[in-house]
Amino acid sequence: MTTDPAAAARIASAAPDVPARRAPAGAAVLREDVTEAIRAAVVEELAAVGFSRMSIEGVARRAGVGKTAVYRRWKSKLHLVLDLVELFAADGLPVPSTGSLYGDVRALLEVMSHVLRHPVASAVIPDLLVEAARNPEIADAVRGALRGGERRMAEGIVSEAVARGELPAATDPGRALDLAIGPLYWRQVVVRGEVPRDYLDELARSVVAGLTATG
């Protein structure tokens, strides 16, 4: 990834939106303001140099802290970036409950479209997928960070649809997630095309049709 000062400034401006995370047990001595400064610095560094050229030294310099402060919280730059990705994943978001399969799928697409538009996601995910293709360990970590929350939402949507009689009990939530998120990811992250509301409407109808046609 080439350095893009404009992108760096734009993504850095989103850093205050990084949600705070409660310190785990045993880590109360770690100052939360330092942790958030490091996370904001990661966003800036990723925008400027990309994942492959990002370094703990560069992150620490941007955050105005020593490398030790970073390593006390994360053991590697991969774990640091995955922590950031998890903050913007769907984990913790409520499972859609609109009363219909179409409504729930449409709500899921709205949420994921918003996540994929976020500067953190657009800056981080493509680089992580490149690294994942080279390293199975990274691939496993990235898969867990990106799919955990989305899988939970898909399971909730399918479970509710089964209870309403809209889908058979054997419906695979993973397949439902692939049908919904695959096209959206391709359009927003790979092609970087516009996503008008009618596109999400049509995609939701297609996902419902695919799930109900084959069961």
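A residue is called buried when its relative accessible area is under 20%, exposed when it is over 50%, and partly exposed in between. Keep in mind that this is a predicted model. Its salt bridges number 12.

Select Asp-33 and Arg-31 to begin. Their side chains form a salt bridge, with 2.6 Å from N to O. Asp-33 has a relative accessibility of 46%, so it is partly exposed. Arg-31, at 52%, counts as exposed.

Next, select Glu-45 and Arg-62. These two also form a salt bridge, and their closest N and O atoms are 2.3 Å apart. Glu-45 belongs to helix H2 (residues 32-49) and Arg-62 to helix H3 (residues 56-63), so the pair, 17 residues apart, links distant parts of the chain. Is Glu-45 buried or exposed? Its relative accessibility is 7%, and therefore Glu-45 is buried.

Move on to helix H8 (residues 136-164), which holds both Arg-151 and Glu-155. The two residues are 4 residues apart, about one turn of the helix. In their salt bridge, the closest N and O atoms lie 3.1 Å apart. Arg-151 is partly exposed at 30% relative accessibility, and Glu-155 is partly exposed at 37%.

For the last stop, select Arg-106, Glu-110, Arg-197 and Asp-201 together. Salt bridges link these four residues in a network.

Methods. Residues numbered from 1 in each chain as written. Predicted model: local features only at pLDDT ≥ 70, side-chain atom pairs only at ≥ 80, totals over all residues. Heavy atoms only, no water. Buried < 20%, exposed > 50% of the residue type's maximum accessible area, 1.4 Å probe, protein only.
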